[in-house]
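I opened this notebook to keep track of what I looked up, one topic at a time.

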Amino acid sequence: MFYILLAVAAIAAVGYFIFKKVHAASAIFAVGVLLLMIAAATGRIEYSSAKFDPSGNAFYDELLIIESLFKSRYAGTGMAIMVLFGFVGYMRHIGADAKTVVALSKPLRRFHGSYWLVPLGFLVGTLLSLVVPSASALSLLLVATLMPALIAAGLSPLTVGAIIVTSSTIAPSPLEAGLIQGAALTDMTVTEFVFDNVAKSTIPALIVIAFTHMWWQRRCDIKDAAKKQAELSAKAGALPLDDATDAPELQESESDRRVREAVERAEGLPGFYAVLPLLPLVLIIVSAILNRMDLISFEADILPVTMVSLMLTMIIEAIRLKNINYAVDSLKEFFAGLGEAAAGVVALIVAAAVLVEGITQMGVIEGLTNLAQKSSGAAVLMVIVFVAATALMALVTGSGVAPYFAFSEMVPGLAAETSIHAPQMLTSIWSASNLMRQGSPVNAAVIIVAGALNVNPIDLVRRTMVPMLAGTIASVIFAFLFIA
């Protein structure tokens with residue numbers, strides 16, 4: 001219990017530093033390293049989830065773990081993020097991103113910033129998660145495409161950020177690793193487990209989330225607007241009359257400003273340039289469809305499709321400008337974007353991985369698992385205990401995989417000894433882990449979107465927490481109502 005309290009104190013310390021405007025990656029990384037050193041001093045390294053070759057010295061082993069986390073994050077998800085950020089930087093340089101914003105914002109602006117765009121955007125993102133199952137990968141793609149269009153259509157940046165972060169949650173897919181494992185634990189086929197059980201709970205829960213989003217984002221925007229208006233009024237009161245009247249913050253909305261800037265940058269570009277920033281997303285979707293039809297044997301990842309999109313765009317740009325030297329030289333913007341991502345979003349992801357490893361070594365996962373194992377009582381109470389423990393672990397670690405797999409293995413045994421129906425519990429804890437991870441400030445999707453918006457992850461989590469709580473509760477209720 002002492003170590004679990006220590007982990008909670010560490011998380012509170014991170015929250016305090018971030019609240020005090022300390023550089024987020026630095027705060028997260030420093031606290032994470034401190035936890036690892038405490039783990040080394042107290043013999044907790046045996047709880048490590050990392051793969052490394054022990055040296056015989058616990059302190060040096062912790063450094064090897066940190067090295068392993070750096071390598072895995074920069075070489076895996078981090079590299080994909082860096083490449084896509086580089087692609088976005090190149091699109092920004094040639095103005096194609098502005099062309100996309102102008103093209104997408106025209107139909108969306110007919111909604112005049114209506115909050116009906118919130119459930120619409122959420123459901124579109126959820127559908128895309130079926131073909132882009134990685135939450136971080138989907139967030140990257142939506143940041144480059146859907147985000148600027150929705151902001152230009154009149155939604156606030158934080159509202160759009162919340163939509164994007166929560167797009168990859170509980171869409172019932174036979175390709176999802178947790179559901180594949182759930183099917184094996186219940187001796188069902190994957191399609192039987194997913195469509196005859198999980199979908200009955202998660203599809204209505206997704207509808208609940210969509211409309212909770214609509215209500216909650218509107219409420220948050222009203223509160224934020226009132227706060228901002230008070231600040232602007234105070235600022236205007238402190239300015240001379242002429243300056244206060246001309247203050248740009250009082251004259252132009254964020255959406256109008258983004259549209260005006262996009263129109264200016266897109267001027268003179270061919271219409272088809274609006275498609276270029278969407279190429280990675282289109283190629284991923286096309287490859288997924290072709291794979292499902294057994295026409296190709298693979299589904300494309302972000303990095304290769306982004307490379308194809310980048311080189312194709314460079315060739316198009318060289319032809320348009322009739323200047324191959326300039327087109328090739330402009331690729332420096334791609335590498336500048338790589339560096340921007342490495343120093344920003346990827347640094348946060350690596351720091352978060354170090355913190356999560358420290359929390360794991362403090363025994364948080366083991367403690368929650370033991371707590372759930374010792375619980376007793378009615379089936380409903382057991383499910384609630386498991387859901388609460390899973391949700392807490394997802395919030396602490398920012399992961400949907402670790403909490404689910406930590407508890408799912410126990411379900412068949414508990415079901416055999418109690419009146420618990422295994423698919424009900426598995427669906428409930430899978431939903432809790434995949435929803436509540438989006439309420440964690442160390443979740444990869446939260447970090448990616450917060451970095452893209454240049455906002456504090458805590459501010460974004462405030463926008464996601466209520467819809468995710470509503471979805472978790474709804475999913476558990478629907479599991480008991482509809483899964484027989």
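**Entry 1: the second largest pocket.** I began with the second largest pocket, which holds about 1200 Å³ of space. It is lined by 46 residues, and those closest to its centre are Gly398, Ser399, Gly400, Val401 and Arg437. On a 1 Å grid over the protein atoms alone, a pocket is an open set of points with protein on both sides within 12 Å along at least five of seven lines, a cavity is a set where a 1.4 Å probe fits but cannot get out, and lining residues have an atom within 4 Å of a point. Points are joined across faces, edges and corners, and a volume is the space filled by probe spheres set on them.

I noted that this is a predicted model, in which local features need pLDDT of at least 70 and side-chain atom pairs count only at pLDDT 80 or more, while totals for chains, interfaces and linings use all residues. Residues are numbered from 1 along each chain as its sequence is written, and side-chain values use heavy atoms, with hydrogens and water left out.

I then looked up which elements supply the lining: α3 (58-75), α7, α10 (177-185), α18 (345-361), α21 (401-408), α23 and α24 (444-453) each give at least two residues to this pocket. The largest share, six residues, comes from α18. Helices here are DSSP runs (H or I, at least four residues), numbered from the N terminus. By class, I found 23 nonpolar, 18 polar and five charged residues in the lining; Ala, Val, Leu, Ile, Met, Phe, Trp, Tyr, Cys and Pro count as nonpolar, Asp, Glu, Lys and Arg as charged, and the others, Gly among them, as polar.

Entry 2: I returned to α23 (residues 422-436), whose 15 residues should span 21 Å at 1.5 Å a residue, and its end C-alpha atoms are 21 Å apart, which agrees. The expected span is 1.5 Å times one less than the number of residues. In α23, 15 of the 15 residues are buried, so the helix is largely enclosed by the rest of the structure. Buried means under 20% relative accessible area, exposed over 50%, and partly exposed in between (1.4 Å probe, protein chains only).

The largest nonpolar core has 61 residues, of which Met147, Phe386, Met425, Ile429 and Val449 touch the most other members. A second, separate core of 58 residues includes Ala318, Phe334, Leu338 and Ala352. Such a core is a set of buried Ala, Val, Leu, Ile, Met, Phe, Trp, Tyr and Cys residues joined through side-chain atoms within 4.5 Å.

**Entry 3: positive phi angles.** Asp294 has a positive phi of about 60 degrees although it is not a glycine, and I placed Asp294 in the loop between α14 and α15 (302-321). Is Asp294 buried or exposed? Asp294 is exposed, with a relative accessible area of 68%. Lys322, also not a glycine, has a positive phi of about 55 degrees and is exposed at 76%.
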